[in-house]
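Dear colleague,

Please find the structure below, with the sequence alongside.

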Amino acid sequence: MAHQIRRGKRRGKTAARAAILAALLPTAAFAQSLSSDGQTLPAYDAPDPFLQLPRGPALAPTENPDADARYADGTEAAHITDVASRRSSVRITDSGAPSEGSPATLLADQVTLDADNRLTASGGVVIWHQGARLVASRVIYDNETGGAVIEGPIHLTEPGRAGSADDTILIADSAQLEPNLQDGILQGARLVLARELQLASRQMQRRDNGNITRLDNVVASSCQVCAEDPIPLWEIRARAITHDATKRQLHFDHPQLRAFGMPVVSLPWLTAPDPTVDRMTGFLQPQFRTTSSLGFGIKLPYFVTLGDHADITITPYVSASRTRTLELRYRQAFSNGAMEWNGAVTRDDIEQGETRSYLFGAGRFELPRGYMLGFQLQTATDRAYLLDYDISDADRLWSGITLDRVRREHMVMARVGKYESLREEEPNDTSPSLVADALWKRRWTPDRIGGIASLEWSLHAHRRSSDEDILGRDMARGSMQLDWRRSEILAGGLLGTIQSQVNADIYRINQDSEYDDWVTRADPALAVELRWPLARHSGGVTHIVEPVAQLIWSPEREYDDEVPNEDSYLVEFDEGNLFSLNRFSGWDARESGLRANLGISWTRIDPAGWSIGLTAGRILRSDQDPALFGDGPVGGKSSDWLLAAHYSGSNGLAIANRALFDDNLSLSRNELRLGWYQPWLQISAGYLWLDSDLREDRLEDVSELTTIAGWQITNGWWASAETRYDFTANRAQKAELGLQYRNECVTVEMSVERRFTSSEELNAETSFDLGIRLGGFGQQKAGPGTVARRACLR
């Protein structure tokens, strides 16, 4: 919002007070709506997924819904600004509004015409003219001048805009209006904008067909005012307030902000957005932040629009520890995409004499023929800086470009970039820094043999900055995969499937004396599968039982023949890949030998809307697979037992558990997830147990609980909590508690967070955040829970 401060001797103090008051009247800018996935092109006015309750039960995520999205490699995807998708066509339709010279329609109990050519209507008078509807008790219309004297109570609205952001209601005791029923002078008037902000004054003057409205000796507030207690929670009193409906601005003359009837701050002049504004230059909501390392501080963002396609936000941050931080955010939308840049520069007492900074940028653009081009830049002076200033908890950064196109039968993906590790135990010189990947895949239905065939080509290369042998190994790979699968229904309801697959690779290995410079390999695989789905329906309840047996053969491979395993250390085993030919996450390692995947599932579907399911399975091998590093959950001649269960209720509750255990019922892995979404309660919790495994660089057992919860305490009060507890270390890693109060005219948000982790670079830290936002100025986003509303006694 633009603020105009009169010059004078008190200009410095006035400017400071103006900034405080202006910050309490935030511009609910388009700048505040960001996409967290960084992968697809969003659209304007996209609904907030956090605020929408699911149509059916679904497992809630075990991370904060506002957390940054991450790629499969663990790096964080930077924000990309929301943009509008291009429309294929533009339609121009009749607005339905009457033309400028259209006559008015009058309804009244009694209508008379006197000798002076004056028409008098009385008793339930209703007038429609050019989309406006006026309700009054008596109207005297002069045919000579075209003016009208109206006796109230007067109620002037535009029914066509009811419920929209442009909905305006005007109420007055009496009025003298011009023929358009919009301009004129009204006495004892009250103006309500977008059913949020109400302005009451002794006299109101309207001109320019109702686009300019001036109210004298006025009181403005978005709080509900009761007759028995007329003092609102907050109000702004001014000599005059002018509303420009075209620019959607409110201009205050000598405004004074009052809270509970007590003066708080006075200004000579102020300009603020009306409730319909989503983007406007001006101060945004201030943030008060206190941390154990930085002390008390304040952030005061200033938002600048650069047309309808770009904007910049400048946020100075000053704290008691002499931190001087300047944060910047620049966003721009193009006809075929958007980009966003976030950065900050800091001088503080934590790293005395050092300049600390970070820069995150991302963009995504639509190219011809359906290709999408993206870029991402992430750099920071140190990880502690990202945590100290609550920027991100990322410990790996990725910068590079992406290119992809996905069609029903065809997919192309390419990615090249540089990794930067912020982990103490992960030196950048011996970790792959430059990485490039490309993949082309196509599937089709062969004419003669039927089924579904697919062909995939992929390229990969990575380079380490170290020149040491083995530690500085560089590698490049080219791979091809040809796959064919066909299913048929056999006698007795059996579903039979045959699948064949051929994988071929060529490797170029540098700076590793343990391997040849060039390695080629080929791995064929053949699989047959039988499923016997059995269903029973009785009393509205459906039971489905499906035993599955899959037999796979591929040539056994000796461990000495393997290439360096760079991308397949972690092996997942769950109901999703129980019947997969290969459970490794990458290309460097593959399962081999003769093996059988066995499993059975049971599902019960109740007519009341809930369902429950169980899946059990195991892998049997003729010999140990050397690629699986000996024994383990999926190693040996027989894997651990897999048992997975899920429950889905119509009340928004969903529970899923997945466990791996051996013949002695000793658990090696267990994961429990719970989600419960209700209007008054939102819970997302997850518990994870993993045995220590040197083959996966896990030296200790993992036993961790993650919980995010939000609940409605009472009307207007919403509490949230988040914790991450490490049972192995017997301490919490993170704990956060938030509290929000929201009524029709003010929103107060408070949160306290404690980070318990510490190292040589990181210190445990506690932070407290406070934000206050007044309603009625700029578009406001809805929040979780209900809104407290003042009850007026009658």
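Is alanine 735 buried, partly exposed or exposed? Alanine 735 counts as partly exposed, because its relative accessibility is 25%; buried means under 20% relative accessible area, exposed over 50%, and partly exposed in between (1.4 Å probe, protein chains only).

Please note that this is a predicted model, in which local features need pLDDT of at least 70 and side-chain atom pairs count only at pLDDT 80 or more, while totals for chains, interfaces and linings use all residues. Residues are numbered from 1 along each chain as its sequence is written, and side-chain values use heavy atoms, with hydrogens and water left out.

Alanine 735 lies in strand β43 (residues 731-742); helices (H or I, at least four residues) and strands (E, at least two) are DSSP runs, numbered from the N terminus. Leaving aside neighbours within four places in sequence, alanine 735 is in contact (heavy atoms within 4.5 Å) with Glu722, Thr723, Val752, Glu753, Arg754 and Phe756. The C-alpha atoms of alanine 735 and glutamate 722 are 5.7 Å apart, although 13 residues separate the two along the chain.

Regarding the chain as a whole, two helices and 45 strands are present. Of the 794 residues, 42% are buried. Among contacts with a separation of 6 or more, 50% are between residues 24 or more positions apart. The accessible surface amounts to about 41000 Å², and carbon and sulfur atoms account for 55% of this; the areas come from the Shrake-Rupley method with a 1.4 Å probe, and for residues only the protein chains shown count as cover.

The structure contains 39 salt bridges, each defined as a side-chain nitrogen of Lys or Arg within 4 Å of a carboxyl oxygen of Asp or Glu. One of them joins glutamate 529 and arginine 485, at 3.9 Å from N to O. Glutamate 529 lies in strand β32 (residues 518-531) and arginine 485 in strand β30, so the pair ties together parts that are 44 residues apart in sequence. Glutamate 529 is buried, with a relative accessible area of 4%, whereas arginine 485 is partly exposed at 32%.

Arginine 531 forms a salt bridge with glutamate 546, with 3.5 Å between the closest N and O atoms. Arginine 531 belongs to strand β32 and glutamate 546 to strand β34 (residues 541-554), so this pair connects parts 15 residues apart in sequence.

A further salt bridge, 2.9 Å from N to O, is formed by arginine 724 and glutamate 704. Arginine 724 is in strand β42 (residues 717-726) and glutamate 704 in strand β41 (residues 702-714), so that distant parts of the chain, 20 residues apart, are linked. Arginine 724 is partly exposed at 39% relative accessibility, while glutamate 704 is buried at 15%.

Finally, the surface carries a nonpolar patch of Ile498, Leu526, Val528, Leu551, Trp553 and Leu594, which together have about 510 Å² of accessible area. Patches are made of residues with over 30% relative accessible area and no salt bridge; like charges are joined within 9 Å, and nonpolar side chains (Val, Leu, Ile, Met, Phe, Trp, Tyr) within 5 Å. At least two residues of the nonpolar patch come from each of β32 and β34. Isoleucine 498 is in strand β31 (residues 495-510) and is partly exposed, with a relative accessible area of 34%.

Yours sincerely
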